[in-house]
Amino acid sequence: MGTRFMLSSQPFPPKPHQPLHPNIPPFPLTKVHYTASRNLIRGKRVHSTSKYGNFLGLRPEYQPEALDFDLPWCHPSDRARFDVIIIGAGPAGIRLAEQVSLYGVKVCCVDPDPLSVWPNNYGVWVDEFESLGLEDCLDKTWPMACVHVDDSKTKYLDRCYGRVGRRKLKERLIEGCVSNGVRFHKAKAWEVEHQEFESCVLCDDGVELKGSLVVDASGFGSRFVSYDKVRNQGYQIAHGVLAEVEEHPFDLDKMVLMDWRDSHLGNEPSLRVSNSRVPTFLYAMPFSSNLIFLEETSLVSRPVLSYMEVKRRMVARLRHLGIRVKRVLEDEKCLIPMGGPLPRIPQNVMAIGGTSGVVHPSTGYMVARTMAVAPVVAFAIAECLGSTRMIRGKQLYDRVWNKMWPIEKRMEREFYSFGMETLLKLDLNGSRSFFNAFFDLKPYYWQGFLSSKLSLKELLWLSISLFGHASNPSKFDIVTKCPVPLAKMMGNIALEYI
């Protein structure tokens with residue numbers, strides 16, 4: 001989920017980082033994720049005449065520019081030994097590097113392209129970033145959000161929503177890293193070898209980096225973190241575009257968190273049937289009357305919904321809403337594994353970010369939680385490696401892993417995973433009923449749930465309250481479809497106590 005930038009009447013392309021509109025800050029540009037035809041890959045613009053419309057054939061017009069920093073590189077001739085080696089320079093890796101280096105801990109960050117702009121779009125609740133002192137890293141905010149439950153019912157959420165400025169956030173974190181003495185190595189981590197008190201990261205350029213702790217922040221496709229349970233995840237998949245349009249019907253002071261309406265599929269019987277079983281919704285961030293970020297999203301499915309199916313539903317929706325796409329400025333494919341077991345705790349590679357289990361199992365949100373948990377992990381590392389005692393090996397791994405995932409957090413995550421398992425069993429009508437009741441809860445509860453801030457006791461009260469607010473059909477869904485996920489959750493919680 002995410003957002004983008006703003007247009008003016010000036011010719012394209014603009015100068016680097018020049019605002020596209022006097023009232024909108026310059027937005028960073030994303031990497032392009034191509035799933036298009038051969039003609040598109042060869043650089044030709046495709047004008048489709050199929051019933052799905054032609055914007056799927058429009059090539060994104062912008063490419064990202066790397067950050068302009070003089071990074072302190074790690075040179076093999078230095079033969080330096082580090083306290084912490086972080087694999088990956090995404091939001092999780094750079095945030096942890098910035099935080100742990102505050103304590104004087106020697107850090108090296110390994111990434112094939114540490115100055116590249118992050119490709120993903122990140123949407124957050126503004127209060128989440130305010131509590132972290134990161135509100136100046138938001139490019140755009142909306143005072144309200146809304147949820148279109150169906151054609152006759154809309155929920156208005158009195159909570160500010162923001163689009164994270166990827167360039168702003170990375171520049172701020174990189175500046176902290178540089179100030180704190182973090183070293184960088186431009187390579188891909190290939191293998192990690194362990195001894196009793198030291199680990200060695202082997203890179204694809206032949207360089208070997210040694211440190212007391214290796215932290216894997218390389219994302220969902222990691223090969224360095226182990227699991228001792230079957231990874232039966234759900235998947236969130238979405239197709240998003242930042243587009244110049246002739247017009248759109250959305251209010252400029254509200255972002256659309258979810259639009260569950262399906263009237264756009266009236267003339268698409270096959271799509272309507274599949275959407276009734278595994279529904280998708282529209283997520284939209286309007287920047288102006290003719291610039292908007294639009295994303296068709298499957299909240300969670302198992303197995304993952306077809307990407308082409310998501311795009312076809314999006315085309316049908318935009319056509320029904322009268323949104324004619326003139327130009328695609330950016331596009332993205334989003335695929336987020338959700339839920340499933342945590343990594344084995346403890347183990348000799350620490351994890352943070354996508355591979356560590358911090359993704360919200362019911363929503364797919366991660367960036368705010370990652371920004372919040374990194375200082376906690378950093379302090380635990382500093383207590384061990386920044387002290388004169390130099391706690392290393394198994395004691396180090398145990399302390400750091402359990403600081404990130406104390407028993408109460410593991411139990412709370414089981415509850416959020418129960419939420420995901422429940423959502424997996426709901427069709428379109430069930431999803432509508434669920435979110436209609438969910439956003440009828442007191443703001444403290446629905447806001448706390450979405451931000452992963454509720455205690456286990458509060459989550460239990462939320463469940464009771466949610467059942468009370470639910471319609472009779474929704475209560476029937478809960479009673480008939482939730483016993484198995486509920487039993488699974490209770491079993492997993494019991495195992496955490498053993």
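At a relative accessibility of 41%, Arg319 counts as partly exposed. The model described here is predicted. A search of the whole structure returns 23 salt bridges, and its largest pocket holds about 1300 Å³ of space.

**Salt bridges**

- Arg319 and Glu268 meet through their side chains in a salt bridge, with an N to O separation of 3.0 Å.
- Glu268 belongs to the loop between strand S13 (254–259) and helix H5 (269–277), whereas Arg319 lies in helix H6 (residues 307–320), so this pair ties together parts that are 51 residues apart in sequence.
- Glu268 is buried because its relative accessible area of 8% is under the 20% limit.
- Asp139 and Arg163 form another salt bridge, in which the closest N and O atoms are 2.7 Å apart.
- Since Arg163 is in strand S7 (residues 161–164) and Asp139 in strand S4, the pair ties together parts 24 residues apart in sequence; both residues are buried.
- Within helix H2, Arg95 and Glu98 are 3 residues apart, which means that about one helical turn separates them.
- The closest N and O atoms of the salt bridge between Glu98 and Arg95 are 3.5 Å apart.
- Glu98 counts as buried at 13% relative accessibility, and Arg95 counts as buried at 6%.

**Nonpolar cores**

- The largest nonpolar core comprises 74 residues, and those touching the most other members are Val84, Ile94, Phe129, Leu169, Leu209, Leu213 and Ile352.
- Helix H7 supplies the largest share of this core, 12 residues.
- Beyond four places in sequence, Leu169 is in contact with Trp118, Phe129, Leu134, Cys137, Val164 and Met371.
- Another core, of 48 residues, lies apart from the largest one and includes Ala238, Met338, Met420 and Ala470.

**Largest pocket**

- The pocket is lined by 50 residues, of which Pro119, Asn120, Ser218, Gly219 and Phe220 are the closest to its centre.
- Helix H2 (91–100), strand S2 (107–111), strand S16 (325–338) and helix H7 (367–385) each contribute at least two lining residues, and S16 gives the largest share, 5 residues.
- The lining divides into 24 nonpolar, 18 polar and 8 charged residues.

**Surroundings of Pro143**

- Pro143 sits in the loop between strand S4 (138–142) and strand S5 (144–150) and counts as partly exposed, at 44% relative accessibility.
- Apart from residues up to four places away in sequence, Pro143 touches Asp158, Arg159, Cys160 and Asp253.

Methods. Residues numbered from 1 in each chain as written. Predicted model: local features only at pLDDT ≥ 70, side-chain atom pairs only at ≥ 80, totals over all residues. Heavy atoms only, no water. Helix = DSSP H or I, 4+ residues; strand = E, 2+ residues; numbered from the N terminus. Buried < 20%, exposed > 50% of the residue type's maximum accessible area, 1.4 Å probe, protein only. Contact = heavy atoms within 4.5 Å. 1 Å grid on protein atoms, 1.4 Å probe; cavity = no way out; pocket = protein on both sides within 12 Å on 5 of 7 lines; lining within 4 Å. Points joined across faces, edges and corners; volume = space filled by probe spheres on them. Nonpolar A, V, L, I, M, F, W, Y, C, P; charged D, E, K, R; others polar. Core = buried A, V, L, I, M, F, W, Y, C linked by side-chain atoms within 4.5 Å. Salt bridge = Lys/Arg side-chain N within 4 Å of Asp/Glu carboxyl O.
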